[in-house]
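Could you walk me through this structure, one part after another?

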Amino acid sequence: MTLVGEVRGGLKRAGRFGLFKRPGGIVEGTRWLYLTLVMISLLLILPPLLGTARGWALLIGVAAAASLVFSWVRGFLARRAPLGLDALDAVGFIVLGLVLPDQGMVMSTIFAAVWFRSMYGTTRQGMLRCGMFSSAILATVLLSPGGSGGAAPAPGFAVVGSLPTMFLTAFIGHHLGRGLLAREQGLERDRALSAAGTQMLGTIDPDAIRSAAWTAGRAIAAASPGLRLIKAVREGRDLRLAGAVGEFRGLPEILEGGAVQAGAEGSVVRLTVTGPLDAAAGAVLEWTAMSMESPGEDVWVLMGGAQGVLRQAESCVRGLANQVSLALRNSTAHRELAVQARFDALTGLDNRASFLSNVTAGLHPAAATGHMHILFLDLDDFKDVNDGWGHRAGDELLITVAARLRAGTRPGDDCARLGGDEFAIVFYDVTDAEAVDIAQRLVDSIARPFRLPQGTVRVGASIGVAASGHGQDMETLVHQADVAMYAAKAHGKGRVQLFEPGLLQTEQPRLSLESQVAAAADLGQLRVHYQPILSVPDRKVTAIEALVRWQHPERGLLGPVEFIGVAERTGTISAIGAFVLRQACIDAASLRATCPEEQLAVHVNASAIELDQDDFVTKVKDCLTETETSPATLVLELTETAALSCPDAIRRLEDLAGLGITIAVDDFGTGYSSLSTLCTVPLGILKLDASLVQGATTDAVRRGVVSAVTRLGRELDLRTVAEGVETAAHNELMTTIGVDSVQGYYHARPMAFQELQTWLAQQRTPSPSHNLQEQLIHKPSTARA
């Protein structure tokens, strides 16, 4: 390319890259300022040149100035300065020194050029450049009039005397440029790390997390010249190289075993086998390896550099690896929580929320594929199994029942456990007769003996069947199946009942129970029992939970599972909730009067129906005032569904929290909106569901979820309470994981208020001869009652 073409191309690039506008970035901005400096210094010597030079001297001087401009612009746009351009600069300086009236005029331009060129190349190149410029200065002094013989003029001595300063300037400028470059690279690495963290924070897809990690890795490598990064996954004794960032000629698939040895988490170790990696990189590098926690994988990050990995880059890579590990753990925990939100933790069937969603979808005209039937199944005499064999046997029975339901239905049918011993199934594309026939086969299947570890037991099943119809909504269809199931149970159990309109007028058993529940509070039949909550690891009683019981005149003392569902359907739950809250506040005040130094918090459950009432906050405030109870000692427990039921519910919770009342989410980890709850509701306590706690001793997945939720609570400054602690193994594991408090039969069963007073007194002054605790603990149960 000709000189004219070079200049034209340079000007075109100048317009494209913004030569006349300072670019962003520390290094490029500084280079632009130095370019401006050297251009201005050249402009300052043009007036003397134009005023004194004539003829060929003027023409040669202007050409020399133009060549300098071309050299500097080309070097700036190319971001490099080869020695050829330095030689062109030296010739231009000689010409200008000879045609200018004073040799010293060109020295300002030479020093400005030294500053500008110091931003490019190595220290050795900088010294060679200064050598060329020094030669140009000496040549100017020698070739100038009077410079070849005799004593040089005084200005010549001054010019030559500035040469050491020029070398020092080049040295300082080069190191200043290196410092600016290192700072800019550090900022680029930090930006990449911050952007990756922000992206991963809102991502639960593992592939998206890994993609963000590779993007950040490439940015870190780009800001760390010469850095190579490799992801290696251990397979047996060998390492499979799963991806790389940086310059490689070709990466081997496998690195032989023993190349790295497992060390402490996050530790960096030197590789013992590097030959294949050096061959792939095309250079001999220094390699280090860092372990990275990744669920289900033993992952290593291999890092290489010519003189080792820059410490700042290594720290940035370690930070990225930690971010990826945390994001992947959160992703795993979120997926597990989502699974638990959809499936019943005990049986693996769909839960109530999934069942209702399936029914709604099946009724939607756009989703309906045919006639739909739903089946409600309730086990007969299940309570006898729990009472006679224990709750563990009851759980084993429910698991086996679920297996028989799966075996007796088609793959496309939806099986669900609604709670307790109630199950439901959604059938598609069947007639009434076919649905009843399937239901009867299920009744016959469940009637067969169950061989459990505790022994052989027998139960029956009563099933109600309802068919969808035109314009029918989900609530109506579910109610019809429920009515049919109660009718089946009322007509002798162990049978199937297809819903008929006449059943609505003969729903006597259920109507009787509903009327009895409605009158229970007014008749003084409700009781409040209390279960202590103990801190970990000192086992100090910090709170008590109020649990309602119904002293039924015929059936005896009933737990909430026997009547709360009916109370919620009939709206009686509001009266029951108000009774429990008032009685709990009265009893808590009595405890404080008996033992003022023992300020126990009292936990009271609130339902979604109560929270949905406009005057709920007012009722709570009035109760606290009447019973002289401090809001700081009251904890309101709600399920996730209740807490997020509507914007008004969240607003009421914020009002309650503003009074000083603590809000707790009960059974945390079983609702679909668990993570949304943390962001939306003014929480103070997370209560881990008993199924998670009890399963954590044998199931690594549940143990991981409990550990993750506990750490999450700690990060968000939320207290964690583990429910369902029934064995020493449960208690030891929860202590190891680091929950704040525990609650369960291992420490104490729910007890009447008088028993609670005795129990608390014994905790303050233990007595071997009268240990009520031994009478109240170690009787297992999987359901909090």
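Thr-625 and Glu-626 are exposed on one side of helix α21, a helix of this predicted model that covers residues 616–626. After α21 comes Glu-628, with a positive phi near 55 degrees.

Three of those names return when we look at Leu-656. Setting aside residues up to four places away in sequence, Leu-656 touches Phe-616, Val-617 and Val-620, along with Leu-636, Ile-661 and Ile-663. Leu-656 also belongs to the largest nonpolar core, which has 72 residues. Within this core, the residues that touch the most other members are Val-604, Leu-634, Leu-656, Ile-663 and Met-734. Helix α19, residues 573–594, gives the most to the core, with eight residues. There is also a second, separate core of 41 residues, and among its members are Ala-53, Leu-100, Ala-112 and Tyr-120.

Met-734 from the largest core leads us to helix α27, residues 728–737, where it is buried together with His-730, Asn-731, Leu-733 and Ile-737. Seen down the axis of α27, the buried residues lie within an arc of 165 degrees, so here too they line one face of the helix. On the other side of α27, Glu-732 and Thr-736 are exposed. What do the buried residues of α27 pack against? Their partners are the helices α14 (391–407), α25 (690–695) and α26 (700–715), plus the strands β21 (719–722) and β22 (741–742). Gly-738 follows α27 and has a positive phi, near 105 degrees.

Now for a sheet. Strands of a sheet pair through backbone hydrogen bonds, either parallel or antiparallel. The sheet to look for is open and has five strands in the order β8-β9-β7-β12-β13, with mixed pairing. Its edge strands are β8 and β13 (496–498), each of which pairs on one side only. On average, and ignoring direction, neighbouring strands of the sheet are turned by 20 degrees against each other.

β8 runs antiparallel to β9 (residues 422–428), and five bridges join the two. One of the paired positions is Gly-419, whose bridge partner in β9 is Glu-422. β8 and β9 form a hairpin with two residues between the strands, and in this hairpin Gly-420 takes a positive phi near 55 degrees.

Further along the sheet, β7 (residues 372–380) pairs with β12 (residues 460–467) in the antiparallel sense, over eight bridges. Here Leu-377 stands opposite Ile-463 in β12. Helix α15, residues 432–447, lies across β7, β9, β12 and β13 and runs at about 165 degrees to β12. Asp-381 sits in the loop between β7 and α13 (382–389). The phi of Asp-381 is positive, near 65 degrees, in a residue other than glycine. With 40% relative accessibility, Asp-381 counts as partly exposed.

Next, find a pair of helices, α4 (residues 83–99) and α5 (residues 105–117). Their axes come within 10 Å and cross at roughly 170 degrees. Angles over 145 degrees count as roughly antiparallel, and α4 and α5 are therefore roughly antiparallel to each other. Where they meet, α4 brings Leu-85, Asp-86, Asp-89, Phe-93, Leu-96 and Gly-97, while α5 brings Val-106, Thr-109, Ile-110, Ala-113 and Arg-117.

In the loop between α3 (56–78) and α4 you will find Arg-79. Arg-79 is not a glycine, yet its phi is positive, about 60 degrees. Arg-79 is partly exposed, with a relative accessible area of 47%.

One last stop is a peptide bond. From Val-536 to Pro-537 the bond is cis, with omega near 5 degrees. Pro-537 belongs to the loop between β14 (526–535) and β15 (541–552).

Technical notes:
Residues are numbered from 1 along each chain as its sequence is written. This is a predicted model: local features need pLDDT of at least 70, side-chain atom pairs count only at pLDDT 80 or more; totals for chains, interfaces and linings use all residues. Side-chain values use heavy atoms; hydrogens and water are left out. A nonpolar core is a set of buried Ala, Val, Leu, Ile, Met, Phe, Trp, Tyr and Cys residues joined through side-chain atoms within 4.5 Å. Buried means under 20% relative accessible area, exposed over 50%, partly exposed in between (1.4 Å probe, protein chains only). Helices (H or I, at least four residues) and strands (E, at least two) are DSSP runs, numbered from the N terminus. Contact means heavy atoms within 4.5 Å. Two strands pair if DSSP finds at least two bridges between them. The arc is that of the directions from the helix axis to the C-beta atoms. Axes are lines fitted to C-alpha atoms, for helices over the stretch in contact, and angles run from 0 to 180 degrees between N-to-C directions. Angles under 35 degrees count as roughly parallel, over 145 as roughly antiparallel, 65 to 115 as roughly perpendicular and the rest as oblique.
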